[in-house]
Amino acid sequence: MTPLSQYLFLSTLLFAIGFAGVVTRRNAVIVLVGIEFMLNAANLNFIAFWRYGVSGAAPTGIMAVMFSIAIAAAEAAVGLALIIAVYRHRKTTQLEKLDTLKG
Amino acid sequence: MLGSGIIKGMVETARNFFGSYVSRERLTTVQYPEQQLAPHENARTIPLLVYDGDMEHLRCTACGICEMECPAQCIYIVKDTVKKSDYLGRMQFQPRVFDIDISVCMACGICAEVCPFDSIMMDQVFALSTQNRFSGLLLHKEDLAKANGYFHAIHPSDAGDIDARRDEDKRKAEAKAKAAVAAKAAAAIKSSEASAKQVEVAA
Amino acid sequence: MPNNISFYIFAVGVLATATAAMRLRNPVHCALAAAAAFAGLAVIYFQLDAEFISFAQLLIYVGAISILVIFAVLLTRGSDIQPGVELASPHWLTGLAIAVLVAFVIAVPVCSSSFGEKIAPKMTVAPVKLIGEELMTRYLFPLETMGLLLTVALIGAAVIALREPEESEIRNPKSEIRKQPTTEELVAEVQP
Amino acid sequence: MNNLDQIFVYAKYWLLSQLPGGVQSLVSIVLDIIAIIAVFGTCFALTTILERKGLGRIQNRYGPNRVGPCGLLQPMADAIKMLTKEDIVPFAADKVVHYLAPLVLTVPIWLAFSVIPFGREMSAIDLDAGVLFFFAVGGASELAVFMAGWSSRNKYSLVGAMRAIAQMISYEVPLVLATIPVIMLSGSLNLNKIVEAQSGYAFGVAQWNVFTPWGFAGFFLFLIAATAESNRSPFDLPEGESEIIAGFLTEYSGFKYALFFLGEYLGLFAVTALSVTLFLGGWHAPLQVLEFLPSWFCFFVKFAAIIAVFIWVRGTVPRLRFDQLLNFSWRFLVPLTLVNLLVAVVWHFTSLGAGLDQSLRWLISAAMIVPAYVYFGRALSPNRPTRIYQYAE
């Protein structure tokens with residue numbers, strides 16, 4: 001059986017990859033995908049800690065992840081709708097060009 | 001109500017489905033290689049060349065009108081060097097080469113339309129596939145030449161009209177020739193009589 | 001032991017596809033790689049005996065969010081890449097350094113703590129029935145809140161993405177000045 | 001039960017007992033996979049030929065009857081043709097994605113079969129969340145269709161893919177909503193337990209879900225949504241050849257095209273098998289007197305019957321227009337499935353207390369579902385004057 005630390009390392013690396021994408025990419029859609037990766041890394045931690053934890057009978061980790069997934073879905077829907085609306089207005093999804101609040 | 005039309009349609013297709021097993025008359029298709037429907041008389045596929053009697057008597061005179069008119073330019077004609085007499089007794093060229101590339105031919109029938117010698121006509125064969133897509137689809141004079149009897153078989157009324165007209169022409173031509181011969185003979189008699197008269201006068 | 005090997009295979013796969021999703025040039029490729037990474041994570045959840053979450057992950061991330069991302073990319077013409085445009089933002093080196101730092105900061109406590117070597121308890125599979133009962137009793141309030149949130153998100157996304165009237169139709173002064181010709185004018189125009 | 005019923009199970013165990021203990025679990029998995037692939041591969045071949053023959057008979061012609069006896073070897077000829085065709089990849093295509101798309105479509109669909117109980121003790125894996133698994137692996141097909149359409153770099157492909165995705169998303173909602181009453185009333189996502197919940201006979205007739213008002217309505221709603229989900233006529237707009245050539249399949253040829261074709265039929269089989277499991281009592285016999293029949297035989301008879309209905313519908317109904325297609329899902333199927341959910345709840349709670357008469361329960365359910373059907377049906381088809389046909393009888 002894989003030790004818990006392996007799952008934690010995987011989640012750490014996934015979080016870092018997502019974070020790197022968020023801070024380095026220009027395309028707003030890809031940045032949103034990066035945020036999804038960070039959320040997924042957190043989900044993996046929840047599941048791993050639940051699986052290796054003592055409270056095996058109560059599905060606490062699973063519940064947290066379920067709500068997290070639901071929030072992620074809502075976030076993706078709203079975020080992408082925002083990106084599309086901004087694109088309609090500015091004709092770009094390049095983030096550094098979206099630097100004025102007035103439009 | 002929504003769905004009633006669909007149910008009606010389903011009943012109809014079910015009736016067709018079972019009916020096609022019960023009654024043979026429902027089946028409208030033909031099992032092709034074994035059964036074949038006779039083509040309609042005006043059906044046309046690729047051109048053919050009509051000859052009377054034997055291959056040496058092609059109606060074609062290599063005039064080149066069809067070659068000129070063909071929109072797909074799939075006809076290639078080379079004239080022969082010697083003349084042969086046609087059905088009216090006139091001396092005409094015959095084609096030495098007459099090729100049609102049926103991979104290009106679009107069966108429009110213009111060649112048959114413009115031919116003044118009733119030579120090029122439209123065939124009804126449709127199983128034209130060959131092993132070789134270049135040389136196999138280039139038909140030569142020998143492949144295109146068909147007897148008048150064959151033409152009668154596929155286009156009876158057209159062939160009948162044409163034959164009647166040709167017979168008429170032939171009859172006229174013969175009559176004309178006869179008349180010409182008679183006139184000549186009469187003229188000869190006349191001239192001989194005249195010369196005889198002259199001889200008499202001179203004498 | 002086979003569990004271990006398959007974990008490493010899928011872990012490497014997830015990391016590779018996630019990296020690809022963050023590095024590839026074409027945003028559509030990024031979205032597809034991200035879908036693959038999400039599917040790989042679903043497999044890892046399955047290995048962790050969280051089958052319900054695993055299937056929910058497949059259903060929501062691969063079936064819905066990836067498709068949403070792809071639609072967003074296509075609607076913003078993201079797949080037409082101009083050759084001159086730089087992929088990364090100007091401060092990408094700083095960003096990358098921070099990301100590496102973040103990974104390091106999280107990894108250090110994982111290494112130093114003792115729970116890393118923990119082995120999973122024998123059998124803690126959470127039956128779907130238990131999840132359903134918990135959702136309807138202990139987690140009822142979060143569930144209802146979630147339903148509300150999703151409804152709000154649905155309506156909000158629809159409203160935000162709704163096509164506004166074209167700006168030219170509202171503010172273009174020319175279109176305001178130009179008035180419809182009257183019948184008399186038209187008649188006068190036609191008659192010599 | 002009798003030996004014939006469990007013949008395949010016994011055969012598998014006998015085969016496993018011949019092997020050393022170390023590889024038994026692995027071989028068991030492989031045997032399951034082989035069985036599913038062999039059975040549904042054969043089903044695919046048979047369905048293609050029978051579908052063509054059936055459609056032919058519906059149109060009053062013979063259908064394929066040349067290759068082999070009665071044309072039964074036609075699938076072989078088709079396979080040879082498909083496999084020996086040149087595999088053309090467009091020059092501008094995204095090569096990798098173009099290559100992966102048919103695989104992404106076909107592989108998850110095979111997975112979907114693994115949770116279906118084909119007979120007593122005959123399901124490959126007994127998953128606790130079987131229904132969820134089924135729909136989860138089906139989620140990949142949308143991605144595959146998009147990959148196929150986008151990577152071809154062809155406008156028709158992209159339009160076809162977009163149509164397909166819009167259609168799949170629209171019809172997944174009623175498809176899932178139609179299964180929810182079944183899940184609610186059998187109290188499990190496990191397909192084996194759902195089949196178990198439909199066991200037992202009342203007056204010699206089986207107690208399947210389809211013999212309840214919500215099950216009856218749900219079954220038809222499920223079938224309609226399933227037809228659309230598997231891109232079959234009359235919902236085959238994604239490949240509407242009269243409009244967009246072949247949709248997302250335009251740039252595919254040879255083996256890849258065959259894989260798409262296979263994937264489409266497998267999707268149909270999977271969703272048909274699920275409908276048999278959810279509504280038609282899985283492998284249970286319809287009448288008590290027929291209980292001696294092997295369970296797998298019952299399952300496949302039902303399966304074949306539903307496939308026949310699909311073929312029949314394909315031969316009857318013409319293709320919809322795209323706005324009609326989406327309206328049909330969102331304005332008709334989704335509201336009706338929600339009403340059906342309510343009917344299921346009423347049915348469930350009237351059975352508990354009250355001691356209501358069976359016919360009264362039916363009456364209440366009908367009073368809920370029939371007006372909804374009429375109302376939403378009316379709303380769907382605006383009142384037009386009756387069309388008078390001049391030439392049709």
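Analyst: Happy to. Take B:Asp101, which stands opposite B:Leu138 in β5(B). Do keep in mind that this is a predicted model.

User: Thanks! How many bridges join β3 of chain B to β5(B), and which way do the two run?

Analyst: Two bridges join them, and the strands run antiparallel. β3(B) covers residues 91–101.

User: And what is the strand order in that sheet?

Analyst: The order is β2-β3-β5 in chain B, an open sheet of three strands with antiparallel pairing. The edges are β2 (75–85) and β5 (138–139) of chain B, each of which pairs on one side only.

User: Over how many bridges do β2(B) and β3(B) pair?

Analyst: Eight bridges, again in the antiparallel sense. If you want a residue pair to look at, B:Lys79 stands opposite B:Pro95 in β3(B).

User: Nice. Switching to the assembly: which two chains have the most contacts between them?

Analyst: Chains A and C have the most, out of three pairs of chains that touch. On that interface, 59 residues of chain A are in contact with 71 residues of chain C.

User: Which elements of chain A give two or more residues to that side?

Analyst: They are α1 (4–24), α2 (28–52) and α3 (60–90) of chain A. The largest share comes from α3(A), with 19 residues.

User: How do the residues on chain A's side divide into nonpolar, polar and charged?

Analyst: The side of chain A that touches chain C has 43 nonpolar residues, 11 polar and five charged.

User: What box do the C-alpha atoms of chain A fill?

Analyst: Roughly 55 × 25 × 20 Å, taken along the principal axes. Of the 103 residues of chain A, 57% count as buried. As for contacts in chain A between residues at least 6 apart in sequence, 49% join residues at least 24 apart.

User: Let's do chain D next. How many helices and strands does chain D have?

Analyst: Chain D has 14 helices and two strands. The radius of gyration of chain D is 22 Å, close to the 21 Å from the globule rule for 393 residues, so chain D is as compact as a globular protein of that length.

User: And what about the box and the buried share for chain D?

Analyst: The C-alpha atoms of chain D fill a box of roughly 75 × 70 × 40 Å along the principal axes, and 44% of the 393 residues count as buried. Among contacts in chain D with a separation of 6 or more, 77% are between residues 24 or more positions apart.

User: How many residues does the contact take from chain D and from chain B?

Analyst: It takes 14 residues from chain D and 13 residues from chain B. Giving two or more residues to chain D's side are α2 (24–58), α12 and α14 (358–380) of chain D. By class, that side has six nonpolar, six polar and two charged residues.

User: Which chains don't touch?

Analyst: No contact joins chain B and chain C, whose closest C-alpha atoms lie 31 Å apart. Chain A and chain D have no contact either, with their closest C-alpha atoms 14 Å apart.

User: Last topic, confidence. Where in chain D is confidence lowest, and where is it highest?

Analyst: The lowest is helix α10 (residues 241–244) of chain D, with a mean of 73, and the highest is helix α12 (residues 295–316) of chain D, at 91. The mean pLDDT of chain D is 85, and 97% of its residues reach 70 or more.

User: And what ipTM and pTM does the predictor give the complex?

Analyst: The complex gets an ipTM of 0.77 and a pTM of 0.81.

How values were computed: Residues are numbered from 1 along each chain as its sequence is written. Chains are lettered from A and ligands numbered from 1 in the order in which they are written. This is a predicted model: local features need pLDDT of at least 70, side-chain atom pairs count only at pLDDT 80 or more; totals for chains, interfaces and linings use all residues. Two residues are in contact if their C-beta atoms, placed from the backbone, lie within 7 Å. Helices (H or I, at least four residues) and strands (E, at least two) are DSSP runs, numbered from the N terminus. Ala, Val, Leu, Ile, Met, Phe, Trp, Tyr, Cys and Pro count as nonpolar, Asp, Glu, Lys and Arg as charged, and the others, Gly among them, as polar. The radius of gyration is taken over C-alpha atoms; the globule rule is 2.2 Å times the number of residues to the power 0.38. A residue is buried if 20 or more other C-beta atoms lie within 10 Å of its own, exposed if 12 or fewer, and partly exposed in between; C-beta atoms are placed from the backbone. Two strands pair if DSSP finds at least two bridges between them. pLDDT is the predictor's confidence in each residue, from 0 to 100.
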